[in-house]
Amino acid sequence: MGALTGVLHHMDWLSLLLFVMSGAACLICLTVHELSHGLAAYRLGDPTAKLNGRLTLNPLSHVDWIGLFLLLAVGVGWAKPVPVDPRNFREPRKGMAITALAGPLSNFLLALLSLALGSLVLHLGLTSRPAAYVLLFLCQLAVLNVGLGLFNLIPIPPLDGSRVVEMFLPEAAYRWVMRYERFLIVAVVLLAWSGFFGGPLYRAMAWVLQLMCGLTQFPFSLLIYYFF
């Protein structure tokens with residue numbers, strides 16, 4: 001019993017709390033992203049996501065545990081892709097593009113909402129320790145959502161941005177992309193882990209977050225202090 005008490009006494013509870021907060025923020029980001037794909041597809045006439053139980057806010061329906069672990073550990077991860085059948089769309093390529101863009105758009109809206117709530121906490125003058133943790137969590141949520149949204153807009157298959165580019169490809173090029181997409185997935189992951197997207201992505205994140213801070217009256221200096 002004494003040994004257990006000693007371990008608990010020396011445990012870094014703040015680091016553990018921050019890790020749990022990061023995990024919760026990642027789950028929220030990924031869940032909202034995937035749910036938005038499914039909802040967009042459903043509104044466009046494809047019930048595949050609904051039939052597979054993916055039109056839900058339950059993160060267990062969307063999480064890929066390996067992808068979540070890698071997202072927390074190295075900053076690059078993934079969720080379970082929402083199943084979409086483009087044959088159910090009136091215009092398959094256009095439907096896929098709209099469905100794809102719904103994910104990043106939802107992340108940007110959630111980031112904006114997080115900063116607006118953070119601004120409210122600051123303007124109410126809440127200075128307790130729980131309020132500080134809430135503020136930090138909202139900052140994490142904003143940064144992760146903007147990062148996820150921007151990363152997915154990169155126009156390389158299978159990222160969401162590629163679906164927009166595919167709308168304008170000739171039929172032969174479109175079929176080539178579809179045929180080799182599984183290999184392009186590996187290339188994207190390797191490039192991300194190597195830091196290839198790092199510099200441009202961080203600059204884009206800073207620009208978008210600064211714009212959102214201006215809209216919500218949230219101090220951008222707090223985000224720089226904690227995350228940049």
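Colleague: Why is Glu-166 called buried?

Modeller: Its relative accessible area is 5%, and buried means under 20%, exposed over 50%, partly exposed in between (1.4 Å probe, protein chains only), so Glu-166 is buried. Bear in mind that this is a predicted model, where local features need pLDDT of at least 70, side-chain atom pairs count only at pLDDT 80 or more, and totals for chains, interfaces and linings use all residues. Residues are numbered from 1 along each chain as its sequence is written, and side-chain values use heavy atoms, with hydrogens and water left out.

Colleague: What makes Arg-163 and Glu-166 a salt bridge?

Modeller: The closest N and O atoms are 3.3 Å apart. A salt bridge needs a side-chain nitrogen of Lys or Arg within 4 Å of a carboxyl oxygen of Asp or Glu, so the pair qualifies. Both sit in helix H7 (residues 160–166), three residues apart, which means about one helical turn between them. Helices here are DSSP runs of H or I with at least four residues, strands are E runs with at least two, and numbering starts at the N terminus.

Colleague: Which residue does Arg-87 form a salt bridge with?

Modeller: Asp-85, with the closest N and O atoms 2.9 Å apart. Asp-85 is buried at 18%, whereas Arg-87 counts as exposed because its relative accessibility is 71%.
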